[in-house]
Amino acid sequence: MNREELSRTYDFSGKTVVITGATGVLGSEMARSLVGCGANVALLARRLAPAEAIVRQMGERARQAVAISADVSDARSLENAAAQVREKFGGVDCLLNAAGGNKPEATTRPDQRFFDLPPEALRQVFDLNLMGTILPSQVFGRMMAEAGEGVILNVSSMAADRPLTRTAAYGAAKAAVDNFTRWLAVHMAQEYSPRIRVNAIAPGFFLTEQNKFLLTDQQTGNLTARGTAIITHTPMGRFGKPEDLLGAVLWLLSPASAFVTGIVVPVDGGFSAFSGV
Ligand SMILES: NC(=O)c1ccc[n+]([C@@H]2O[C@H](COP(=O)([O-])OP(=O)(O)OC[C@H]3O[C@@H](n4cnc5c(N)ncnc54)[C@H](OP(=O)(O)O)[C@@H]3O)[C@@H](O)[C@H]2O)c1
């Protein structure tokens, strides 16, 4: 491979990428980067205004993007989004399932024991992370099956392999996302087309809306004991920056990974490799 072939591999011109959770700290960085690499991008989130603001900020490239309101735990809302994607761009090449997160109500703390966590909060975490990955994969995966090609990229977490303290449902839901990633990779390749690939990335720790309440003190902004423990356990000694994910995302969405399916790639500054000793 030479330099021109390499840059062609990462040229997404004419490709359509649907991103759920596209207004999040991580999803929005992925959306901007994919538009920058030439892709048409559909930015999905429940709230339309922040998605529209991100599209506007893309300047000249804004015409490659569209903001669509969709709830990943609601199949009908996703079908409606798929119709809009079809109308605007004609089809879908890649799905990036970046919607996800934890909830304070589903997290233990001194005044909230595991035994008292409200079932509704636990269910919401499963709905968002697990069903929120499965349902978009059904809706947009069907379009890929019809086309005979496509790529699905899920977003897992370090909590999937080894549970983190306090986040009772989040780690279990992400573990299920890993399992589902492997299952769907095999299913798509065997039942529909070996040119449909399914993988996941497992980010380490990034300071975002969903975990700020655990990692930083709301009053002072200083790291909590948990935040400090994470940095201590990350050999690279820092939180991730959203752009740290882009190399793995572009690789897994592009033909550079044409023979890669059913894997979960950690992007974690060494967190998962470190025993603590
Ligand atoms: N931050 C980290 O350190 C970290 C580490 C490992 C893995 N992750 C994973 O990375 C992914 C992105 O995380 P993030 O930190 O960027 O999240 P974030 O900043 O909290 O953003 C969450 C995004 O998901 C959307 N969303 C939430 N509920 C939704 C629903 N029911 N339907 C559709 N969209 C919904 C939000 O928009 P609306 O509210 O408008 O819908 C927003 O766009 C998640 O899967 C997360 O679990 C994050």
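Tutor: Let's start with the sulfurs: that of Cys37 has its closest cysteine sulfur in Cys94, 12 Å off, so the two are too far apart for a bond. The cut-off here for a disulfide is a pair of cysteine sulfur atoms within 2.5 Å. Searching the whole structure turns up zero disulfides. Bear in mind that this is a predicted model, where local features need pLDDT of at least 70 and side-chain atom pairs count only at pLDDT 80 or more, while totals for chains, interfaces and linings use all residues. Residues are numbered from 1 along each chain as its sequence is written, and side-chain values use heavy atoms, leaving out hydrogens and water.

On to the strands. Strand β4 covers residues 94–97 and pairs in the parallel sense with β1, residues 16–20, over four bridges. Strands are DSSP runs of E, at least two residues, and helices are runs of H or I, at least four, numbered from the N terminus; two strands pair if DSSP finds at least two bridges between them. Within this pair, Ile19 stands opposite Leu96 in β4. The open sheet has seven strands in the order β3-β2-β1-β4-β5-β6-β7, with parallel pairing. Strands β3 (65–69) and β7 (264–267) stand at its edges with a single partner strand each, so one side of each has no neighbour in the sheet.
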